[in-house]
Structure formats: structure tokens, C-alpha cells
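Subject: Handing over the model

Hello,

Here is the structure I promised to pass on to you. Please have it open while you read the notes below.

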Amino acid sequence: MSGISGHWAFAFGVLGNIVSFIVFLSPLPTFYKIYKKKSTDGYQSIPYVVALFSSMLWIYYALLKTNTTLLITINSFGVFIETIYVGFYLFYAPKKSRVQTIKMILLFVVCGFGAIILVTEFLFKGAVRGQVVGWICLIFSLCVFVAPLGIVRQVIKTKSVEYMPLLLSIFLTLSAVVWFFYGLLLKDINIAIPNVLGFILGILQMVLYVIYNKKEKAILKEQKLPEKLQNHMIISIDEKNKNFPELTEEQIIDIVKLGSLISSGKIHIASCLYDAACASAKIENTPNNLQTVEAKN
């Protein structure tokens with residue numbers, strides 16, 4: 001049974017490497033948008049800094065365990081690609097965001113990772129060291145899944161999915177499922193447990209995307225002016241009162257000018273009642289027409 005379990009664990013490990021490889025590449029559309037805008041406004045660096053730190057921790061944990069080569073391979077790529085993401089973010093970030101990102105790098109990558117290595121190497125020995133590092137990996141893996149909650153909060157607040165990378169949410173969910181079974185087959189709770197939360201949060205992000213993406217499209221559709229009404233003039237008359245407001249002398253002169261154009265057939269105006277359907281007609285508003293009005297007056 002252990003042999004069969006080992007084969008299945010290897011199979012899920014390979015599949016996990018493939019899916020996680022796609023997960024690490026899924027932010028590329030986000031960074032393409034940053035490149036096009038030449039700015040990181042609306043985007044946060046914390047998911048990438050935390051992911052970089054997490055990959056470094058998993059490599060350290062894998063080196064303390066046996067039969068964890070597949071963890072080393074994918075997290076080595078993770079360290080490489082997340083370093084590029086963070087560097088790209090720093091290049092286009094405004095001064096305030098750049099300073100905050102550098103502080104996070106110093107806190108997590110330099111001080112945090114350095115402190116973990118020093119403490120575990122000098123205070124713990126053998127299997128205990130692996131257990132301690134495993135629990136630390138578990139905690140920060142949860143942070144990797146929780147980090148996008150900042151984007152979820154922004155989506156709910158702005159009612160827009162512009163800054164929610166859908167591909168990342170989909171592949172994080174799929175990755176969580178695969179690595180859960182990998183950890184389960186290896187009987188390693190440090191790998192299995194975080195991916196339960198990862199699956200739940202991934203589903204949450206996809207549900208929010210579907211909800212707010214539909215609302216955003218509906219709002220844009222309502223705000224778009226129908227092509228039939230573009231370049232047309234509509235005059236509304238109050239059906240109840242049927243009274244025009246008092247006009248100034250200049251407004252009266254403008255009305256006379258419009259009247260002369262209407263009588264000459266150069267302008268067609270459609271009036272519409274509030275309770276009736278509106279008809280509209282195009283206005284031939286050309287410089288020649290305006291000159292004709294001025295000449296007549």
C-alpha cells in the first residue's frame with residue numbers, strides 16, 4: 001500500500017509542479033497592465049513579497065525532509081519568478097509604494113528568513129527542527145492564500161473586478177486541491193492543511209468575480225448612449241404644466257434664429273412627452289448654417 005501511495009504522491013507532486021508553474025506565471029497579465037500604464041496604482045506588492053518569502057521557506061523545509069525533491073523544484077522557480085515580479089513592481093511603483101515594498105522585503109525576506117534559519121539551526125536539532133520549520137511554513141502558506149483578501153476587499157468596496165486577476169484565483173484553487181492530495185498521501189499535515197483554506201478562498205474570489213463582473217457590465221451598458229440618440233436634439237415638454245420657463249432676451253433671440261432655420265427646413269426637431277416615446281432627428285449643425293443665420297439677422 002505504501003508503494004502505491006508513494007506513486008500517487010509522486011503523480012500529484014508532478015501535477016502540482018505543473019499547476020504551480022502556471023500559478024507563478026498567472027500574474028503576467030497584471031504586470032502587462034502595469035507596463036502599459038507605467039504605474040502600479042491600484043495594485044499591491046504584498047502578495048508577491050509574501051509568495052517570495054513562502055517559496056524560500058518551503059525550500060528550507062524540503063532540505064530538512066526526505067522525498068521532497070518536487071517541493072524544491074517548484075519553489076526554486078517560485079523564488080526566481082517572484083523576485084522578477086517584485087523588481088518589476090519596484091521599477092514602476094510611486095515613491096510611497098516603493099518604500100513600503102522595500103520595508104516588507106527587509107522585514108520578511110532579510111530579517112524574517114534570516115532569523116528563522118538562525119533560530120532553528122542553533123536551538124533545534126534533527127526531526128524537531130523539521131517540525132518547527134514545517135509549522136512556520138504552514139503559517140506563511142496561509143498568509144499566501146490570505147494575502148489576496150486585500151484585493152477582495154477592494155473589489156467589494158469599488159464594485160469593480162479591474163484589479164482582481166481571475167487567472168490567479170482559478171489556478172490557486174486548482175493548485176490547492178492538487179497539493180492537498182500530495183500532502184495527504186505523504187501524511188504531511190504541513191502541506192495538506194494550508195491548501196484547505198486555499199481552496200475555500202479561491203472559490204470565494206471566483207464567486208466575487210462572477211458577481212461584480214456582471215454588475216460592472218450592466219452599469220457600463222446603462223451608461224452607454226444609444227447610437228440612435230447621438231448627434232440628435234431632443235426637446236422635452238412637461239405634459240402636466242405645458243408651460244415654458246421665463247426666457248431672457250438673449251434666449252428669445254436664439255429661439256428666433258432656430259425658428260428661421262426650422263422654417264427653411266435645415267433643422268428637424270422632435271419633441272417628446274415624459275410619458276410618451278421620444279422621436280429624434282439629426283441637426284445639420286454646420287458652420288455654413290450658422291453663417292446663414294447670422295446673415296439673416
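What follows is a short tour of what I found.

First, some housekeeping. This is a predicted model, in which local features need pLDDT of at least 70 and side-chain atom pairs count only at pLDDT 80 or more, while totals for chains, interfaces and linings use all residues. Residues are numbered from 1 along each chain as its sequence is written, and side-chain values use heavy atoms, with hydrogens and water left out.

**Overall fold**

The protein has eleven helices and three strands; these are DSSP runs numbered from the N terminus, helices being H or I of at least four residues and strands E of at least two. Along the sequence the pattern reads α-α-α-α-α-α-α-α-α-β-α-β-β-α. Of the 297 residues, 36% are buried (buried is under 20% relative accessible area, exposed is over 50%, and partly exposed is in between, with a 1.4 Å probe and protein chains only). Among contacts with a separation of 6 or more, 76% are between residues 24 or more positions apart, where contact means heavy atoms within 4.5 Å.

An unreviewed UniProt entry lists "transmembrane region" for residues 6-25, 46-64, 70-92, 104-124, 130-151, 163-185 and 191-212. Positions from UniProt are given in the numbering used here, feature names are shortened, and annotations may be inferred rather than shown by experiment. In the model, residues 46-64 are 100% helix and 0% strand, with the end C-alpha atoms 27 Å apart. Residues 191-212 are also 100% helix and 0% strand, and there the end C-alpha atoms are 32 Å apart.

**Cores**

The largest nonpolar core holds 37 residues, and F53, L57 and F108 touch the most other members. Such a core is a set of buried Ala, Val, Leu, Ile, Met, Phe, Trp, Tyr and Cys residues joined through side-chain atoms within 4.5 Å. Two or more residues come from each of α2 (28-37), α3 (46-64), α4 (69-92), α5 (95-123), α6 (126-146) and α8. The largest share, ten residues, is that of α3. Beyond its neighbours within four places in sequence, F53 contacts F108, V109, G112, F113, I116 and F140. Another core lies apart from this one and has eight residues, including V155, V161, L208 and Y209.

S55 also sits in helix α3, and it counts as buried because its relative accessibility is 2%. Leaving out neighbours within four places in sequence, S55 touches F24, N75, G78 and V79.

**Aromatic rings**

The whole structure contains 17 aromatic pairs. Rings of Phe, Tyr and Trp (its six-membered ring) pair if their centres lie within 6.5 Å; planes under 30 degrees apart are stacked, over 60 edge-to-face, and the rest tilted. W8 and F12 make a tilted pair, at 6.2 Å centre to centre and 35° between the planes. They are separated by about one helical turn, because they are four residues apart in helix α1 (residues 2-25). F12 also pairs with F181: the centres are 5.5 Å apart and the planes are at 25°, so this pair is stacked. Since F12 is in α1 and F181 in α8, the pair ties together parts 169 residues apart in sequence. F181 is partly exposed, at 34% relative accessibility. Elsewhere, F31, Y35, Y48, Y85, F88, F91 and Y92 form one aromatic cluster.

**Charges**

How many salt bridges does a search of the whole structure find? The search gives one, a salt bridge being a side-chain nitrogen of Lys or Arg within 4 Å of a carboxyl oxygen of Asp or Glu. E121 forms a salt bridge with R129, with the closest N and O atoms 3.6 Å apart. E121 is partly exposed at 30% relative accessibility, whereas R129 is buried at 15%.

D188 is in the loop between α8 (166-186) and α9 (189-223). D188 is buried but has no salt bridge, and the nearest side chain of opposite charge, K65, is 4.6 Å away. For charge, Lys and Arg count as positive and Asp and Glu as negative, with His and the chain ends not counted. Not counting residues up to four places away in sequence, D188 touches Y61, K65 and G183.

S160 lies between α7 (149-158) and α8 and is buried, at 17% relative accessible area. S160 and Y212 are 52 residues apart in sequence, yet 6.1 Å apart in space, C-alpha to C-alpha.

Best wishes
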